[in-house]
Amino acid sequence: MGNYILMMVTAIFANNILLIRFLGNCPFVGVSTSLDSAIGMSGAALFVNVLSSCITWMLYSFVLVPLELEYLKTVVFILVIASLVQLVEIILQKTAPALYRSLGIYLPLITTNCMIFGVAVLNVQQKHTFMQTLVYSIATAIGFDLALLILAGIRERFSLGRIPPLFQGFPVALITAGLMGLCFFGFVGLGQ
Amino acid sequence: MSSFIREFTKGLWKEVPPFRFVLGLCPTLAVTGHVSSALGLGCGVIFVLLVSNVVISAFRKFIPSKIRVPVFIVIIASAVTIVELTMEAYFYSLYRVLGIWIPLIVVNCLILGRAEAFARKNGIILSIADGLGMGLGYTLSIVSLASLREILGAGTWFGIRVMPASYIGFELLQRPPGAFICLGLILALMNFISLKLEKNEGCGC
């Protein structure tokens, strides 16, 4: 049990998927302009991350490895993730329309999110067990959500402030992310 | 011929990823700590971009519109797998350094973006120009970002010491937070340059 908690703490803080590992930056900078869209993105990311990590892990362990086709993991994983997102969209639309509406456009946007694919590959590279995969994917998604929500909150404040025209938009968002990263960087070594 | 040149050069400045088209941020931030890894990844991206642009352009009349995205993804993923295996076999130290970023070329929005926006609507020759231009532009951009980070961060360029021996590197720049800050500053610089260019064009001198 302690191992899992350690893994969660490390993945959320010391090895934050977004600020330290650089996975998931496009939506990070793109979607963080308002808190509402950030919340939508967070929910969708958590959902898809956990689901896709588990499914790709099972595919890798039970199909690719026995058949010695590990080199096909890139093709297989990305196809699985793309179809999974499509499937989830369709199912959600039919069974939980309220949830579907609240996730909105962020669900399809997640397909090419490097975080989903990256976490799937990381799980396999680090030779996680199934439980570890589950915990790791939840933890990385929480780390992503945390960083995203914090940045969204800060950027909403920005819209009320005065920013030099050169820096408006992406530059100031990136520099803010850098400063946030600096804070999270202080957590490195927490796992030890 | 002039359209070839035009498509080629647009990827080098006007529409250069990732500075003007803010796409593909993750690898940009991650591999630009050292010039060698940036160059390595850039070459991988050029290869995949060329292969995917050519294949998609060649088959564009046969790919049904409804399933075009999964088909594009399979083509891109196959090209990336080729790059992965080649690097693992012949450039092993680069492979170790780049690690997870090689398979992640698949989700680089740049490649899918060019396939969607250009390759499926244009001929093979023009697609080659577009792919080459964008790929080269991307590689040049990440190499320049990497140069900035490596020279100021460690005093070396491509592993060769360029700053005087007394220069203690600003090591933050080579770490993750530094990546964000550097990219933000460069984007601000790009804004500055394009503002200046517009002003010059506007006054008609």
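Residues are numbered from 1 along each chain as its sequence is written, and chains are lettered from A and ligands numbered from 1 in the order in which they are written. Since the model is predicted, local features need pLDDT of at least 70 and side-chain atom pairs count only at pLDDT 80 or more, while totals for chains, interfaces and linings use all residues.

Helices (H or I, at least four residues) and strands (E, at least two) are DSSP runs, numbered from the N terminus. Chain A has a mean pLDDT of 80, with 92% of its residues at 70 or more. The mean for chain B is 80, and 87% of its residues reach 70 or more. In chain B, helix α1 (residues 2–10) is lowest at a mean of 71, and helix α3 (residues 35–58) is highest at 88. The model scores ipTM 0.73 and pTM 0.79.

**View 1. Chain B, from its N terminus on.**
Chain B holds 8 helices and 2 strands, in the order α-α-α-α-α-α-α-β-β-α. Of its 205 residues, 43% count as buried. A residue is buried if 20 or more other C-beta atoms lie within 10 Å of its own, exposed if 12 or fewer, and partly exposed in between, with C-beta atoms placed from the backbone. Two residues are in contact if their C-beta atoms, placed in that way, lie within 7 Å. Among contacts in chain B between residues at least 6 apart in sequence, 74% join residues at least 24 apart.

**View 2. Chain A meets chain B.**
In this view, 32 residues of chain A are in contact with 35 residues of chain B. On the side of chain A that touches chain B, the elements giving two or more residues are α2 (25–31), α4 (73–95), α7 (114–125) and α9 (170–185) of chain A. Of these, α9(A) gives the most, with 10 residues. That side of chain A divides into 25 nonpolar, 7 polar and no charged residues. For this count, Ala, Val, Leu, Ile, Met, Phe, Trp, Tyr, Cys and Pro are nonpolar, Asp, Glu, Lys and Arg are charged, and the others, Gly among them, are polar.

**View 3. The largest nonpolar core.**
A nonpolar core is a set of buried Ala, Val, Leu, Ile, Met, Phe, Trp, Tyr and Cys residues joined through C-beta atoms within 7 Å. The largest one here has 99 residues, and those with the most contacts inside it are A:I78, A:F117, B:C26, B:V48, B:I76 and B:V106. Leaving aside its neighbours within four places in sequence, B:V106 is in contact with A:T74, A:I78, A:F117, B:I76, B:A77 and B:V80.

**View 4. B:I181, a buried residue in helix α8 of chain B.**
Helix α8 (residues 176–202) of chain B carries B:I181, which counts as buried because it has 22 C-beta neighbours inside 10 Å. Not counting residues up to four places away in sequence, B:I181 touches A:I175 and A:G178. The C-alpha atoms of B:I181 and B:L29 are separated by 9.8 Å, though these residues are 152 residues apart along the chain.

Look for B:N53 in helix α3 of chain B. Is B:N53 buried or exposed? B:N53 is buried, because 29 other C-beta atoms lie within 10 Å. Beyond residues up to four places away in sequence, B:N53 touches B:R114, B:A115, B:A119, B:S127, B:I128, B:D130 and B:G131.

**View 5. A:K127, in a loop of chain A.**
You will find A:K127 in the loop between α7 and α8 (130–158) of chain A. A:K127 has a positive phi of about 55° although it is not a glycine. Most residues other than glycine have a negative phi. A:K127 counts as exposed, because it has 7 C-beta neighbours inside 10 Å.

Notes. pLDDT is the predictor's confidence in each residue, from 0 to 100.
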